[in-house]
Structures are given as structure tokens and as C-alpha cells.
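Hi everyone, thanks for coming. Please have a look at the chain on the screen, and I'll walk you through a few parts of it.

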Amino acid sequence: MTTAIIIIAVVAVVAIAAFFLLRGRLAGGRGLRSRFGPEYERVVARHNGDTTAAEQELRDRVKRHGHLEERPLTDGARAGYAARWASVQELFVESPERALTEADALLADLSRERGFPAGEDFEDRTDALSVHHATHVEGYRRVHTARRGEASTEEMREALIEARGLFDALLADGPSGHEHGNRHLVKGRGTS
């Protein structure tokens with residue numbers, strides 16, 4: 001009788017432990033999905049729907065880059081970046097490809113100054129940015145890709161508008177809107 005009670009107790013403990021372990025893994029997936037938003041879906045798609053591999057990649061990103069603390073900008077630096085972005089938007093009317101090249105360089109400079117990885121590894125930089133600015137990093141990727149001139153003018157315009165979200169997030173200490181800075185890129189202007 002004592003052996004049966006011990007066996008039942010061990011099975012119950014194992015079942016409870018398995019339940020909590022499985023619940024933790026499922027909650028981890030929901031937590032990653034919530035934290036990364038559209039970036040979560042992009043990584044899952046890149047892993048051909050394999051959520052386990054995608055979630056492992058995202059957990060690795062958090063381990064590598066989650067400790068980064070964004071350095072504050074001086075008022076002068078903030079004003080300088082704002083002026084550069086305004087120039088990029090003006091340049092878009094004359095040369096969309098050059099404007100995107102400038103926007104790509106500006107976002108790289110701004111992200112480095114805020115404390116994100118320096119160097120030429122775009123993927124490492126966007127991985128780090130995705131940990132802290134997951135909802136805005138895709139715009140940066142689109143600018144980086146579209147700057148090569150392989151996109152239509154409309155696609156380049158949309159990429160620049162989308163990248164403005166990351167620019168605003170990096171420029172501000174908190175969340176900010178980005179509609180105000182894109183007025184002159186409204187559909188029909190700056191396109192050919």
C-alpha cells in the first residue's frame with residue numbers, strides 16, 4: 001500500500017512539473033509574440049513556420065541585446081539628426097535612391113549613437129534594434145533594401161515613411177508619433 005501511494009505521489013509531482021513546464025514554454029511563445037509583434041511573424045516565416053526555431057532565435061536576440069541601454073542624445077545631437085532627416089525627405093523629391101542611401105546611413109549613425117552595435121553588420125544591428133524597437137525595425141530593413149534602386153518610387157516612399165517610426169523612436173526618449181514629419185511625402189508628391 002505504501003509503495004502505491006509513493007508511486008501515485010511521484011506521478012502527480014511529475015505531472016504537475018510537466019504542466020508548469022509546458023505552460024511556461026507556451027507563455028514564453030506568447031511573451032515573445034507580444035514583445036516582438038510583426039518581427040515575431042517575420043522570423044517564423046523565415047524559419048518556414050517552425051515556431052520553435054523562430055522563438056529560439058528571438059530568445060537568443062534577447063540574451064545578446066536585451067541588456068543594451070539606450071544612451072541619451074544631447075539636444076544638439078537631436079537637432080542635428082532632425083535636420084538630417086528633413087534633408088533626406090527633401091532629397092527624396094529629386095533622387096529617391098540617394099535619399100534612401102542617406103536615410104540608411106542616418107539610421108545607422110543614430111542607432112550607434114544611442115548604443116546599438118556599431119560596425120558593418122546590418123543584421124546584428126537590426127537584431128539588436130528588434131529587441132528594443134520591434135514594431136519599427138522593418139522600416140529600416142525596407143530602406144536598406146530599397147536604397148539599391150530595385151524598388152519602385154512608391155515602394156521607396158513607403159519604406160522611408162515606415163522608417164520614420166524607427167527614427168522617431170530613436171530620436172525620442174519615449175514613444176512619439178511620426179505622421180507630422182512625412183507630410184511632403186504624401187501619395188503623388190515625390191513620385192515619378
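Let's start with Thr-126: is this residue buried or exposed? Thr-126 has a relative accessible area of 0%, and buried means under 20%, so Thr-126 is buried. You'll find Thr-126 in helix H6. Setting aside neighbours within four places in sequence, Thr-126 touches Val-137, Tyr-140 and Arg-141. Please keep in mind that this is a predicted model.

Now stay with H6, and bring in helix H5. H5 covers residues 96-113 and H6 covers residues 122-132; they pack with their axes 12 Å apart, at an angle of about 60°. The two helices are therefore oblique to each other, and their crossing is left-handed. Which residues of H5 and H6 meet? From H5 come Asp-104, Ala-108, Ser-111 and Arg-112, and from H6 come Phe-122, Arg-125 and Leu-129. Sorted by class, this contact has 3 nonpolar, 1 polar and 3 charged residues.

Next, a word on confidence. The chain has a mean pLDDT of 83, with 80% of its residues at 70 or more. Among the elements of the chain, helix H4, residues 75-94, has the highest mean pLDDT, 96, while helix H1, residues 2-36, has the lowest, 67. Over residues 22-28, pLDDT stays under 50, and the model shows 0 contacts beyond four places in sequence for them. Residues 174-192 are also below 50, but that stretch has 35 contacts in the model beyond near neighbours in sequence.

Notes. Residues numbered from 1 in each chain as written. Predicted model: local features only at pLDDT ≥ 70, side-chain atom pairs only at ≥ 80, totals over all residues. Heavy atoms only, no water. Axes fitted to C-alpha atoms, helices over the stretch in contact; angles between N-to-C directions. Helix = DSSP H or I, 4+ residues; strand = E, 2+ residues; numbered from the N terminus. Parallel < 35°, antiparallel > 145°, perpendicular 65-115°, else oblique. Left-handed = near helix turned anticlockwise from the far one by under 90°. Contact = heavy atoms within 4.5 Å. Nonpolar A, V, L, I, M, F, W, Y, C, P; charged D, E, K, R; others polar. pLDDT = per-residue confidence, 0-100. Buried < 20%, exposed > 50% of the residue type's maximum accessible area, 1.4 Å probe, protein only.
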